[in-house]
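Subject: Structure handover

Hello,

The sequence and structure are below for your use. My notes on them follow.

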Amino acid sequence: MAKDLCNTLADLKEDEALAIVQERLNANADPLGILDDARRAMEIVGKRFAESKYFIPDLVYSGEILKKINEMVKPKLAKEAETKSGGKVIMGTVAGDIHDIGKDIVVFMLDVSGFEVLDLGVDVPAQKFIDKIKESGAPVVGLSGFLTLAFDSMKQTIDAMKDAGLRDKVKVMIGGGQITDEVVKYTGADAYGKDAMVGVTLAKKWAGIK
Amino acid sequence: MEKKWEDMTSDERQEALFQKWISPEGAEFASAEAEKSYKERATRIKDAIQMKKLPDRVPICLFPSFYPVYYAGMTPHDAMYDYEKNNAAFKKFIVDFAPDGNISAFVPGPGKFFEILDYKLYSWPGHGVSPNHSYQANEGEYMTVEEYDDLLEDPSNYFYKTYLPRVFGALEPWQQLPTVTGILEMYGVAANFIPFGLPPVQEAFKALFHAGEEALKWGGAMGAFSADIMANGYPVTVAGYTKAPFDVIGDTLRGTRGVMVDMYRTPDKLLKAMDMLVPIMIKMGVGAAKAAGNPFIFIPLHKGADGFLSDEQYRKFYWPTLRRVIMALIDEGIVPFPAAEGGYNSRLEIVRDLPKGKTMWMLDKIDMAKAKKTLGQVACLAGNMPSALLNLGTPQQIKDYAKKLIDSCAKGGGYIMSNGSFFDEAKAENIHAMVDFTKEYGVYK
């Protein structure tokens, strides 16, 4: 059966997708081709999410299936091949806040949209963002926070960028359950994303991708 | 003669529980004035919930997280480790802002208790988060997917021997506990007790006793607080809590990622486990309400928010078991008080399938006018005053927002002014503006 991995995975048919991968590996198919199909499938997943056909569980599940495919393919790979073309985005949940679900969704959506995401994790001190901006030269930074307390951490992080002379070099987007335009103003961010898709749109705009 | 509880309709039971709450037996009020205020406030809330007659004005409830602690100039760490300080902070908050309904002082919880048992499910001030921040949940798979069968077979046994040792570091030796249902006959009975003689198990029990003493101390302080705040004229609108079965799995056991993936990989087990949890969640709510003589049972709603599930998933996995819990509580005269933090716009048409005048819903990021036309036809609505506005807005912006809320929701009753999400930070003048404006503008004529 020459079933289409891309669509099978995009439709979240786990068993079938894994069977196709196994079959192709058994037939000594190019592992990079498998990963490329998987990447295209993730793009479709992202698109369906953007169109509200898919929801958070679909993203999470597609990620779980992808993890399995990667595990199957990895032993056959000569070297890490993937390069991202969309540009770099630094992401992290700000200091004092350990929530990661929202951030992880944005990371996922940026990733499937072709960005190289530098995920700093949760409870990230301002200095860590500064260091990463300097090191990577990423033009876009995403600050996540679920708690209202995160407003202050976001402001402190953005202030620290100003103090380090980096504020003009990056665009900053913020996101999280209680974020509004008032919070954007308060923190000194450039914009906020009401959901993950707005985050991707902002990153694309700022990175000059149409 | 008074009708027996078992012969009463759910309407009569609700009325009886409300009367118990409005006229608490043996309560000693600080003054005749405090008693009068208490009854007025409680009656106002009752009228809004029952949707039978108009209250005298729109009631106001304030549902803070750690705000009272900051407002009193303390840190969350102070509040979690000194119950007197905690109580002083919450009393100051309630007396200063004078809402009709409050949620007592239990939100911070006993830090030392969590410390003694080495609780892993949360990080709290000084333990994983800064002393200045509130506690936060640690996402994780605290039950593996293989353990569904153990949970289904014998949930209490599963909790004792697997779940508790995993989420409380001090109870790790409980993995060695016997299964209590093995204690049956003369011969062999003693064998079941051998684990209790093992030194690590005994250490775990010592920690448990120690933790129990701390919990008792805290419980005493909370009981004293509720009696005191009531004596001063302020009704408490929460007797205890229960949860949606889906959230028990998603928050407590399998974690967000776990429960989401289970919907695809093991839907039958997930459904079975939720089904099994329904009577347990009902008993939890009924027990708390009866013990407190207070009809309100809080139900924090988490993983069913907008975007967290598709419509189909919500209808299949989330709502049916939650509805069964809510309906059983209603049957016992209880007022289920679900709080939907985040968005719930896509669920309004579904959750309106409830009898009228029985529930109070706290809504957060929601189109309130739409909520009024749907869920609001059968349930009392509260909330939607945004945390960001309370924190960063001006009193005038708060008044404008409150006016909009009252104009679109208050007509015909069934509406309570309140904040939308449990808040840590706000400007005091903004909370005053919300309360004072509602007291003036929210009068029913």
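Helix 5 of chain B covers residues 83-97, 15 residues in total, and its first and last C-alpha atoms are 21 Å apart, close to the 21 Å expected at 1.5 Å a residue. (Helices are DSSP runs of H or I with at least four residues, strands are runs of E with at least two, and both are numbered from the N terminus; the expected span is 1.5 Å times one less than the number of residues.) This is a predicted model, in which local features need pLDDT of at least 70 and side-chain atom pairs count only at pLDDT 80 or more, while totals for chains, interfaces and linings use all residues. Residues are numbered from 1 along each chain as its sequence is written, with chains lettered from A and ligands numbered from 1 in the order in which they are written.

The buried residues of helix 5 of chain B are B:Tyr83, B:Asn86, B:Asn87, B:Ala89, B:Phe90, B:Phe93 and B:Ile94. (Buried means 20 or more other C-beta atoms within 10 Å of the residue's own, exposed means 12 or fewer, and partly exposed is in between; C-beta atoms are placed from the backbone.) Seen down the axis of helix 5 of chain B, these buried residues fall within an arc of 160 degrees, so they line one face of the helix. (The arc is taken over the directions from the helix axis to the C-beta atoms.) B:Glu84 and B:Val95, on the other side, are exposed. The cover over the buried residues includes helix 3 (67-71), helix 4 (76-81) and helix 10 (199-231) of chain B; contact here means C-beta atoms, placed from the backbone, within 7 Å. Just after helix 5 of chain B, B:Ala98 has a positive phi of about 50 degrees.

Helix 14 of chain B (residues 311-331) has a kink of about 45 degrees at B:Trp319, shortly before the proline B:Pro320. (The bend is the angle between axes fitted to the seven residues ending at a residue and the seven starting there.) B:Trp319 is itself among the buried residues of helix 14 of chain B, which also include B:Phe317 and B:Leu322.

In chain A, 5 strands form an open, parallel sheet in the order 2-1-3-4-5. Its edge strands, strand 2 (116-119) and strand 5 (191-192), each pair on one side only; pairing requires at least two DSSP bridges. Strand 1 (residues 88-93) and strand 3 (residues 140-144) of chain A run parallel and are joined by 5 bridges.

Regards

Terms used. Two residues are in contact if their C-beta atoms, placed from the backbone, lie within 7 Å.
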